[in-house]
Amino acid sequence: MTENQEPEEQLPRPEHPQFLTKTTFEEFNLPPEVLAGLRDAGFVYCTPIQAETLPLTLAGRDAAGQAQTGTGKTAAFLVTIFARLLSLKERKPGFPSAFVVAPTRELALQIYEDARTLGRYTGLSLAQVVGGIDYQKQADVLREGADIVICTPGRIIDYMKQGIFKPEEIKVLVIDEADRLFDLGFTRDMRSILRKLPHYEK
């Protein structure tokens with residue numbers, strides 16, 4: 001998902017109908033745990049970016065989305081991650097299955113909080129890996145195992161080099177605000193990260 005503007009992504013407010021389509025989340029046959037989180041957050045109707053990308057991403061296809069801040073890109077990829085991971089017959093204990101990379105600590109923390117809200121009934125565990133938070137505590141969370149890792153590039157590369165973050169079982173990758181990642185000089189870091197993930201065909 002890419003971003004045109006500087007402010008971090010916020011979950012769209014359902015009381016603003018101009019942001020919504022006539023497509024409901026119920027139409028996508030999502031797991032009940034995901035629908036329950038959406039209902040708690042007050043989400044019934046999709047925003048345009050959600051209505052356009054969810055049919056693709058829920059089917060396992062790649063998507064690149066671009067929309068204004070506050071129109072629901074974060075929720076679109078989080079719903080996809082939760083639904084995809086819940087559909088897996090088995091997940092290898094101790095190995096993350098989904099990986100979200102963001103350009104800034106603030107955006108990564110916002111994604112983490114949104115994931116906690118929307119995924120509260122899924123039973124999926126989360127790890128945030130960003131600078132400015134205790135290094136050892138984050139390492140311990142990764143060692144214990146998290147289903148979804150939300151990070152910035154620099155810190156996660158450190159953990160990769162030490163073998164603390166194990167990317168071998170990643171099934172879903174989200175690069176949020178990819179344009180900003182490149183603008184901030186993370187191109188080489190992202191290539192390093194992507195080379196360590198499972199082959200694209202997997």
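A residue counts as buried under 20% relative accessible area, as exposed over 50%, and as partly exposed in between. Keep that scale at hand while we walk through this predicted model.

Let's start in helix α5. Asp-140 has a relative accessibility of 33%, so this residue is partly exposed. The side chain of Asp-140 meets that of Arg-143 in a salt bridge, with 3.4 Å from N to O. Because the two residues are three apart in helix α5, about one helical turn separates them. Arg-143, at 48%, is partly exposed.

That bridge belongs to a set of seven salt bridges found in a search of the whole structure. Another one of the set joins Arg-120 and Asp-40, again from N to O, at 3.5 Å. Arg-120 sits in the loop between α4 (105-118) and β4 (126-129), while Asp-40 is in helix α1 (residues 32-40), so this pair ties together parts that are 80 residues apart in sequence. Both partners are partly exposed: Arg-120 has a relative accessible area of 46%, and Asp-40 has 43%.

Next, look at Arg-91 and Asp-147, whose closest N and O atoms are 3.3 Å apart in a salt bridge. Here two loops are involved, the one between α3 (73-87) and β3 (98-101) for Arg-91 and the one between α5 and β5 (148-151) for Asp-147, so the pair ties together parts 56 residues apart in sequence.

Now for the aromatic rings, where the count comes to two pairs. In one of them, Tyr-135 and Tyr-159 have ring centres 4.7 Å apart and planes at 40°, so the pair is tilted. It links distant parts of the chain, with Tyr-135 in helix α5 (residues 135-144) and Tyr-159 in helix α6 (residues 153-161), 24 residues apart. Tyr-135 is partly exposed at 32%, but Tyr-159 is buried, with a relative accessible area of 0%.

Helix α6 also holds Ile-157, which is buried at 8%.

Our last stop is the surface. Lys-161, Arg-188, Arg-191, Arg-195 and Lys-196 form a positive patch there. Helix α8 (residues 187-196) supplies the largest share of this patch, four residues. Lys-196 lies in helix α8 and, with a relative accessibility of 43%, is partly exposed.

Methods
Residues are numbered from 1 along each chain as its sequence is written. This is a predicted model: local features need pLDDT of at least 70, side-chain atom pairs count only at pLDDT 80 or more; totals for chains, interfaces and linings use all residues. Side-chain values use heavy atoms; hydrogens and water are left out. Patches are made of residues with over 30% relative accessible area and no salt bridge: like charges are joined within 9 Å, nonpolar side chains (Val, Leu, Ile, Met, Phe, Trp, Tyr) within 5 Å. Accessible areas come from the Shrake-Rupley method with a 1.4 Å probe; for residues, only the protein chains shown count as cover. A salt bridge is a side-chain nitrogen of Lys or Arg within 4 Å of a carboxyl oxygen of Asp or Glu. Lys and Arg count as positive and Asp and Glu as negative; His and the chain ends are not counted. The place of a charge is taken as NZ of Lys, CZ of Arg, CG of Asp or CD of Glu. Buried means under 20% relative accessible area, exposed over 50%, partly exposed in between (1.4 Å probe, protein chains only). Rings of Phe, Tyr and Trp (its six-membered ring) pair if their centres lie within 6.5 Å; planes under 30 degrees apart count as stacked, over 60 as edge-to-face and the rest as tilted.
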